Amino acid sequence: MLLCPVIGKLQHKRVVLASSSPRRQEILSNAGLRFEVVPSRFKEQLHKAAFATPHAYAVETAKQKALEVASRMHQKDLRAPDVVIGADTIVAVGGLILEKPVDKQDAYRMLLRLSGKEHSVFTGVTIVHCRSKDGQLDTEVSEFYEETTVKFSELSEELLWEYIDSGEPMDKAGGYGIQALGGMLVEYVRGDFLNVVGFPLNRFCKELARLYRAPGAPGAPRRVQRDSIPAVHTFEELGDADAEGSGSGPAPANAGREAGGVRPRAPRTREADLNGVTDSQPPLLAGLLELMYGFKASKVLLTACKLNVFDVLKDRGPLTAADVARKIDASVGGTEHLLDICAALGLLDKSDRGYSNTETASLHLASDSEQSLHGLAAYHDGPVWGAFTQLGRAVREGAAWTPEPLPQAPHERSTEETLQFMRASHGLSKLTAQHVATAFDLSPFTSACHLGGCTGALAHKLVQEYPRLQVTVFDLPEVVKLAGDFQTDAQPSERVHFVPGDLSSDSLPPADLYVLCSLLHDWPEDRLHGLLSRVSGSCKPGAGLLLAELAPAEEEAAGGAARRPPGLRTLGTGRRPRGPGRYQRLLQRLGFQDVQAARAGGLLHVVLGTRAAP
Ligand SMILES: Cc1cn([C@H]2C[C@H](O)[C@@H](COP(=O)(O)OP(=O)(O)OP(=O)(O)O)O2)c(=O)[nH]c1=O
């Protein structure tokens with residue numbers, strides 16, 4: 001007999017658990033659920049930095065795991081199971097997401113980070129209801145997450161290594177298993193214990209109860225599309241999509257607690273596009289159309305930023321279009337149209353009471369938030385947009401032209417242009433600095449020099465992370481002169497110094513670690529070699545060189561880019577981005593040894609080498 005009547009709702013259905021985790025299998029079978037196990041082949045490599053919150057990342061990974069299994073099973077025997085359950089467990093500490101360690105050193109780094117502190121364990125869960133209709137897979141997705149707080153005791157080196165040598169950390173998020181030996185490391189737990197072990201059973205049952213409440217009741221599972229931001233075809237379509245989302249239809253399946261971040265709105269695309277698996281559109285054609293239409297979405301986002309729409313809506317309840325129009329000093333009709341498109345793009349929420357920011361908008365598009373990309377938006381709306389509108393003329397006349405105009409011609413910038421570029425760089429640096437600073441243990445170094453360090457955002461993060469470290473920020477005189485304007489939001493540190501100079505001609509300040517971050521990805525080979533040789537020449541034996549560069553998207557790294565238009569982030573190069581292996585080989589050729597590579601969040605990869613004695 002089933003104790004839980006909710007689990008009984010699934011009794012006569014073919015249920016598949018899309019997970020290889022023995023813990024999840026145990027939790028669900030102990031609860032009386034009958035299911036088959038089909039481990040997902042989805043690679044857990046989504047760009048973490050693209051998610052506003054750690055739980056949004058876990059929910060999306062869980063969804064992709066479940067959808068991969070649903071579509072694979074459907075393709076194989078043209079009969080999908082009734083229900084597929086996917087889950088993903090992550091540990092989040094100080095803005096970092098920890099998954100399963102790749103080796104013992106990685107486990108050591110993770111456990112050290114957790115030692116003596118509280119952290120959060122998030123499990124994202126997705127329940128996919130499947131139906132085969134005319135040979136096509138039709139899916140309805142419901143998703144949620146649960147958070148549990150765990151506090152670790154201070155861990156001694158000896159205990160850490162003994163635990164790592166037990167082998168237990170290797171297949172577990174954060175490098176520990178609370179249900180076994182890892183329980184000894186834990187001082188207290190707040191929240192659902194089973195959530196830490198890999199599956200929030202209590203919340204899952206509540207979700208089933210909600211889903212099976214009554215046919216057609218609010219909360220029935222909704223359809224989702226694969227992409228979270230709809231492609232822009234026409235503004236009219238976007239308006240329709242919004243009307244769908246805000247009307248009196250069923251509430252979204254995740255209405256109770258949102259997965260966070262930009263939420264999907266369903267544009268009128270075919271369900272067959274789901275997960276790209278049954279997609280009959282040639283990828284290049286779909287990509288081509290997205291390239292043609294994409295600028296409209298960009299301009300809407302940039303304009304809303306410029307008019308401070310996201311500032312006006314931040315920390316306020318929903319506002320009507322007339323309220324917003326008054327505050328941004330614009331027409332009511334025009335504002336309403338802009339707000340509707342922003343809502344359709346998933347940047348704003350629209351309800352009967354008006355418009356409000358999504359979590360992502362407040363986090364990244366409001367100008368005063370800690371992780372604001374407002375400066376980057378202004379830079380793209382200004383000089384970058386300007387350069388692109390002149391593209392045809394520049395090509396015809398042979399004028400110097402590049403997709404990233406300012407860094408290439410620093411001496412021609414006005415003060416305002418320099419500031420605009422610095423604001424853009426500052427926002428991005430603040431977003432990635434923590435990941436770059438902690439990708440490797442840099443504590444053996446006592447002095448570092450960030451070449452092209454701009455506003456010093458990374459330098460400040462480095463000195464926060466390493467109490468013995470002194471950091472010199474080396475950049476052009478006009479940049480150094482203005483860098484003081486950006487120190488208001490970071491604690492000024494006596495261990496950060498600014499030195500003016502030109503990377504390509506002046507001698508580099510002495511340091512035992514040189515850092516280059518987000519600088520080289522669109523440099524041509526000869527320029528790249530020239531700079532790295534100069535840096536290598538300044539390195540004494542034992543000195544380090546840390547490169548943090550744009551990571552190629554997974555499909556680009558795997559050689560799939562040839563079938564698709566290149567990613568927009570690498571537009572400046574006109575060729576595939578360099579992967580970490582390429583930088584590793586370059587450093588080795590220049591006489592660096594112990595060259596290692598690591599991922600730094602979702603946007604960057606980091607390579608570190610040590611200069612060998614000549
Ligand atoms: C924090 C913690 C995690 N874990 C486990 C739960 C998950 O199995 C694993 C996190 O990795 P996941 O990627 O969530 O799951 P998985 O790789 O084991 O299985 P699949 O991807 O096929 O679904 O860590 C514990 O067992 N105990 C713990 O205390």
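This is a predicted model: local features need pLDDT of at least 70, side-chain atom pairs count only at pLDDT 80 or more; totals for chains, interfaces and linings use all residues.
At 2% relative accessibility, Leu160 counts as buried (buried is under 20% relative accessible area, exposed over 50%, partly exposed in between, with a 1.4 Å probe and protein chains only). Leu160 sits in helix α4, residues 157-165; helices here are DSSP runs of H or I with at least four residues, strands are runs of E with at least two, and both are numbered from the N terminus.

Residues are numbered from 1 along each chain as its sequence is written, and side-chain values use heavy atoms, with hydrogens and water left out.

## Around the ligand

The ligand has 21 residues around it, and the closest are Ser19, Arg24, Lys65, Lys100 and Ile178 (a residue qualifies if one of its heavy atoms lies within 4 Å). By type, the shell divides into six nonpolar, seven polar and eight charged residues. As for the elements, α1 (22-30), β3 (83-93) and α5 (193-197) each supply at least two shell residues, and β3 gives the largest share, with three.

Now for the polar atoms. An N or O atom in the Lys100 side chain is 2.2 Å from a ligand oxygen. A polar side-chain atom of Ser19 lies 2.7 Å from an oxygen atom of the ligand, and for Ser20 a backbone N or O atom lies 2.7 Å from a ligand oxygen. On its own the ligand has 600 Å² of accessible area, and the protein covers 95% of that (Shrake-Rupley method, 1.4 Å probe).

## Helix α13 and its kink

Helix α13 covers residues 374-389; at 1.5 Å a residue, its 16 residues should span 22 Å, and the end C-alpha atoms are 21 Å apart, which agrees. The expected span is 1.5 Å times one less than the number of residues. There's a kink of about 35 degrees at His380, shortly before the proline Pro383; the bend is the angle between axes fitted to the seven residues ending there and the seven starting there.

Among the buried residues of α13 are Tyr379, Asp381 and Pro383. His374 is in this helix too, and at 16% relative accessibility His374 counts as buried. Its side chain makes a polar contact of 3.5 Å with that of Asn308.

Most residues other than glycine have a negative phi. Asp329 is in the loop between α10 (321-328) and α11 (332-344), and at 73% relative accessibility Asp329 counts as exposed.

Cys454 has a positive phi as well, near 50 degrees, and belongs to the loop between β10 (447-451) and α17 (457-465). Is Cys454 buried or exposed? Cys454 is buried, with a relative accessible area of 5%.

## Met422 in α16

Met422 is in helix α16, residues 415-438, and is buried at 0% relative accessible area. Met422 and Leu482 are 60 residues apart in sequence, with their C-alpha atoms 8.7 Å apart in space.

Note on methods:
A polar contact is a pair of N or O atoms within 3.5 Å; within protein, one must be able to donate a hydrogen and the other to accept it, and residues adjacent in sequence count only if both atoms are side-chain atoms. Ala, Val, Leu, Ile, Met, Phe, Trp, Tyr, Cys and Pro count as nonpolar, Asp, Glu, Lys and Arg as charged, and the others, Gly among them, as polar.
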